[in-house]
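Hi there,

Here is the structure I promised to pass on to you.

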Amino acid sequence: MHPHRRFKFSSIDDLRTALDNMGIFLPLSDDTDILKQPLQIYKKRIPNRMITHPMEGVDGDGQGRPGDLTRRRYIRFAEGGAGLIWFEATAVVNEGRANPRQLLLTRETATYFRAMLQNTLKVSNNIFGSDNQPYTVLQLTHSGRYSVPFSKPQPIVAATNPFLDAKTSATKRIITDEELEELEDRFVEAALLASEIGFDAVDIKSCHRYLLSELLSAYTREGLYGGSFENRTRFLINVIDKIHAQPACKVDVAVRMNAHDSIPYPYGWGVKEDNYRQVEVSEPIRLAKLLRDRGVELINISAGNPYYNPHVGRPYDFGPYVPKENQLYSVERILGLARDIQAAVPEAAIVATGFSWLREFGAACAAGGIREGWFQLAGFGRQAFAYPDFAKDIIDHGKLDRKKCCIACGKCTELMRLGGGCGCVIQDAEVYRPIYKKLKEGQPSMVGKEVAEHV
Ligand SMILES: Cc1cc2nc3c(=O)[nH]c(=O)nc-3n(C[C@H](O)[C@H](O)[C@H](O)COP(=O)(O)O)c2cc1C
């Protein structure tokens, strides 16, 4: 096994050699033109194949409304020219907020979301013209076991989980079937609001082990929402059906889902029963087919749990622990999930995750993956924080500039955990470095901390 190490590739040929030595295949294309091609979904046009992933900034105003830095983020994304802007995790109920500054969509806050969306689209229109408007998705969430609506964690869990329960001493409440049924309606209400506001789509967030993601693995839960595949997917499917049953709801429905939790079975999803580090994609594929049958044309594939095993979903150089595996294996695994699901549901547009750690070579990998049919859209997360113009540079110059790239240093996440909002401390230093420095005073540095992986 090749160890975890800092990114060291000075050319794409260096990267190709390392991949060969490690027996890994990543689709790399020197020609990135395919990323400029539009894509038709839900009878709408996405002007190019690059998307900004949902990236929470933890910078709402405390009342669930976007704050100044939230609005700034989406203006920067609009200026960056990605064909699809996937707006960040937005809670549908207060108790399901991941932090007190997470966005919350209600009748009271809807006006502020409308202003943010309109401003974002205006900026894009002024630069790229009305034919190149980004498709917009709003991610709707309940944070489940990671709910921190006020200052302290108030976990609401789908099922007990010996691996995740041990991580916090806060009292966990198992959500009842009746509460889940009611919560489905809160998602529908939020979708109706998103439709009135003018978003093209809502995403019923089912990833990263927040509540809906946890339900997918609720093998040990009893009742209507646990045990069988049908029960574990019931919440998500009910929400979609209920949204579709609302004539006034004009938004498309998209889903961001985990296809591999990397948590031992029967507490993790998309894992082999005898080896949770290995992918078992049959249930995620079954779900993707169900979604397709319900008219879901946009599925964003992710993996892992940012609180428990962050290297799985966002390979890094520096983070809370040193993973056992080299980052290229993590990239291969997460892109492979998109490939397997795209092959099973060719009618849907699969969004892949996993490009930021590759720095400028993320462009070649995104283009190669689309060329090889692994996925149809390439999503950039931390890269969008660091380098919001990434799509524009690929469109104008065919490549990314290493100097502007995300360096996977983990500071955006660290800043978030310190309560300082979230952005790129390195490339957006004017705004985020002073906040980071102030919060770090007297704190031990996470960077370079040699803690072994705990799982
Ligand atoms: C600070 C931060 C905030 C994030 N917020 C969200 C979010 O709101 N919703 C979501 O689905 N994923 C979120 N993610 C995960 C990213 O969308 C993405 O999946 C992850 O960073 C891996 O992609 P990358 O390698 O391009 O960064 C977040 C990640 C980070 C680092």
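**Salt bridges**

The side chains of Asp-261 and Arg-209 come together in a salt bridge, with 2.8 Å from N to O. Asp-261 sits in the loop between strand 10 (252–258) and strand 11 (271–272), and Arg-209 in the loop between strand 9 (201–204) and helix 6, so that the pair links distant parts of the chain, 52 residues apart. Before going further: this is a predicted model, in which local features need pLDDT of at least 70 and side-chain atom pairs count only at pLDDT 80 or more, while totals for chains, interfaces and linings use all residues. Residues are numbered from 1 along each chain as its sequence is written, and side-chain values use heavy atoms, with hydrogens and water left out.

A salt bridge here is a side-chain nitrogen of Lys or Arg within 4 Å of a carboxyl oxygen of Asp or Glu. Helices (H or I, at least four residues) and strands (E, at least two) are DSSP runs, numbered from the N terminus. Asp-261 is buried, with a relative accessible area of 1%, and Arg-209 is buried at 1% as well. For these labels, buried means under 20% relative accessible area, exposed over 50%, and partly exposed in between (1.4 Å probe, protein chains only).

Asp-261 and Arg-209 also belong to a network of salt bridges that links them with Arg-145, Asp-165 and Glu-214. Ser-213, in helix 6 (residues 211–216), is in contact with Asp-261 too, along with Ser-206, Cys-207, His-208 and Asn-258, leaving aside its neighbours within four places in sequence. Contact means heavy atoms within 4.5 Å. Ser-213 counts as buried, at 1% relative accessibility.

The count for the model comes to 34 salt bridges. One of them joins Asp-428 to Arg-76, with the closest N and O atoms 3.2 Å apart. Asp-428 lies in the loop between helix 15 (411–417) and helix 16 (429–440) and Arg-76 in helix 2 (residues 68–80), so this pair ties together parts that are 352 residues apart in sequence. Both Asp-428 and Arg-76 are buried.

**Helix 5 against helix 8**

The axes of helix 5 (residues 177–197) and helix 8 (residues 234–244) come within 9 Å and cross at roughly 40°. Axes are lines fitted to C-alpha atoms, for helices over the stretch in contact, and angles run from 0 to 180 degrees between N-to-C directions. That makes helix 5 oblique to helix 8; angles under 35 degrees count as roughly parallel, over 145 as roughly antiparallel, 65 to 115 as roughly perpendicular and the rest as oblique.

Residues making the contact include Leu-180, Phe-187 and Val-188 of helix 5 and Phe-235, Val-239 and Ile-243 of helix 8. The residues of this contact divide into eight nonpolar, one polar and five charged. In that scheme Ala, Val, Leu, Ile, Met, Phe, Trp, Tyr, Cys and Pro count as nonpolar, Asp, Glu, Lys and Arg as charged, and the others, Gly among them, as polar.

A salt bridge joins Glu-184 and Lys-242, with the closest N and O atoms 2.8 Å apart. Glu-184 is in helix 5 and Lys-242 in helix 8, 58 residues apart. Glu-184 is buried at 1% relative accessibility, whereas Lys-242 is partly exposed at 25%.

**Backbone points to look at**

The peptide bond from Tyr-265 to Pro-266 is cis, with omega near 5°, and Pro-266 is in the loop between strand 10 and strand 11. Val-58 has a positive phi of about 50° although it is not a glycine; Val-58 lies in the loop between strand 3 (50–52) and helix 2.
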